[in-house]
Structures are given as structure tokens and as C-alpha cells.
Amino acid sequence: MNSRLTIFGSGNWALTLATVAAWSGTEVKMFVRRPALCDVLTRTRAHPEYLPHLCLSPRISFTTDMAVAAEYSPHWLIVVPSQHMRSLAEGLRAYVLKGLYVVSAAKGLEDGTAFRMTEVLRDCWPGFEGELGALSGPNLAYEISLGQPAASVIAGRPELFRTMAPLLGHANIRLYEQSDITGVELGGALKNILAIAVGMATASGLGANAEAAIMTRGLHEMGRLAVELGAQWTTLAGLSGLGDVVATASSSRSRNRWLGQELAKGRSVSDILSSTTMVVEGVPTAYVAKRLGVRFHLPLPITTEVVEIFDGKPVSAAVHDLMHRARVQEFDF
């Protein structure tokens, strides 16, 4: 088997997955968009901003040449922010050949189209004949980069899992096979909204009961939308749904939870985002999810209140409105 892997992306999750692949015995080529960063990574074996404890394996090499990266291996792992997926996919179109195995590890929905990431890839690659899927789960990059154990799923057809799992799954991530790409991608994207909401509850001192209520009712809300979009409800009860909600909403290292905490302190979303180089996927995803709820006439109360807080509504007013909604059955789909 070709034990090479190409990773498109150079953020903390991309670097962590490259490291896990290297620990698994895989040779990795990373596509890095910025020449200056590529040079630093090559010379110092470390990222100047992310994961300062991580010394990158000699099994990992770097390039700014998209053709070199694309032709290095038929196994591609795409780890870029969701709003950059389309531009990368369009750039890769000339290198998309039969026999490729492509996995998206991005967790978001495209603004405008509301596409999941594999939908963006198929839209950019008409007639794609390779294997396409998604990797998602309760995966905090910092912990995994330290060698701590984690579990995740690769969603796609069996051939995709059989081919890609050995490249990543011989170190500290236990990989599970999934067929529900829709559910896996939506779980990974929508959970970021809940992490923001839990962060606001934490910083507002609302207590553990409120945090638990947001996570459980939020999971139901995720499921309502995901099932409408073609997912299986059981997927949302697994690693890429419930598991990811728990990790992202509970960890102090979650950037989405952090944004929620900062919002509760009275900062605007624009001020928070401008103060960090990290991508907070929950912000654009919340707007997309709210629009989907309107389109399909689905109640998404937590998502709606999060978006209204982004737009200036006080957190206390959002809490009041959530607590005084009309009473409903706990399970309604």
C-alpha cells in the first residue's frame, strides 16, 4: 500500500493530523499556502503560533506548490477553514483524477450555499470518480498533539475507510467506520454553535444545570435539522455528534467556547474575531443554520438566540426568551 498522505492546510488541526499520521508510520506532504510559513516550518520543525510544544516529525515535509502536493499521494486530507474550501477545491480541479481518496476534516457549512464540505468538493469536481468522505469526532488538537488518546470516525464508503484509516490509525486516534456522511459532517459543524452557547452560560455564571440543558436540548436541535437534511439520528448520538458536543462545549481549549465566554463579557463578535488568528467556525455556521431552520420551518431556538446575540442582543435577554418559550414535548421528531 502507498503509505503517503497529502494534507492541505497548515493550522493546528492540520499539524496535529500530520503528526498522528507520522506517528502511524506515514510519510506526509503538507501544502502550505504562505511561503514564509512554509520556510519556517521546514527550518524550525515548529509552527510560530500554534502548538509550540510540538516538534514536527522528519516524516513530514512541506511545499507551497499545489501540483507537488497533489501528485505526492492519491490520499488527500483537506484541513482548511470551511469558508476556504471552495477556493482550494477549485485550485485542485486540474489534479483530480480517478483513484483518489479524499477526506475532509473541516467542520463547517459554506455561507451562501449551506453546503457541507463534501458537497462543496463535489460541486467543484463534477464527475468525481474517487472516494470522498469526512473525518470528525471529539478531537481537540492540543490534547491529541500531546499524544493523549482520542476517537474519531471516517465517514464514507467501506473502501475509503479501509484505505485511509491505516494512514492515521496506528497512533493515538482510534478510528471508527461510518456510512452517514451527512450526519457526521452536520454533527461536526453544528456542535460549534452549542459550544458558543455553553461558553456564554459559563461566563455568565448560569451553572452546570444550564450548561447541561444547552448541550442536551442543543443536541436535539442539531438532530432536528440534521434529520431534515438527510442524516440518521443515531449518528448524532455518536462520536461526531454527542461526543463532539461534550468535548467542544466543555474544554477550556475550545475556540468556540472561548468566543461564547468573551461575548458574555460584553465584547462584540467582530471585536473578538479580530483579536485572534484562529478560525471560529461556529460563527458563520450559526448564521447558515438559522437560515436553514427558516427554510424548512424548523424551530432552532438555541441557534436563533446565539445569532441574535451576535447581532447585539444581550445574553440575559436571550436567556429570558429561551426560558419563557411555549412548552413543548421533549421529543418531537
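These questions and answers cover aromatic ring contacts in a predicted model. Local features need pLDDT of at least 70, side-chain atom pairs count only at pLDDT 80 or more, and totals for chains, interfaces and linings use all residues. Residues are numbered from 1 along each chain as its sequence is written, and side-chain values use heavy atoms, with hydrogens and water left out.

Visitor: How many aromatic pairs does the structure hold?
Guide: Rings of Phe, Tyr and Trp (its six-membered ring) pair if their centres lie within 6.5 Å. Planes under 30 degrees apart count as stacked, over 60 as edge-to-face and the rest as tilted. The count of aromatic pairs is five.

Visitor: What geometry does the pair of phenylalanine 8 and tryptophan 76 have?
Guide: The centres lie 5.3 Å apart.

Visitor: Is phenylalanine 310 buried or exposed?
Guide: Buried means under 20% relative accessible area, exposed over 50%, partly exposed in between (1.4 Å probe, protein chains only). Phenylalanine 310 has 7% relative accessibility, so this residue counts as buried.

Visitor: Which residue lies over the face of tyrosine 142?
Guide: A charge sits over a ring if NZ of Lys or CZ of Arg is within 6 Å of the ring centre and within 35 degrees of the ring normal. Here the distance from the ring centre is 3.5 Å, and the residue is arginine 253.
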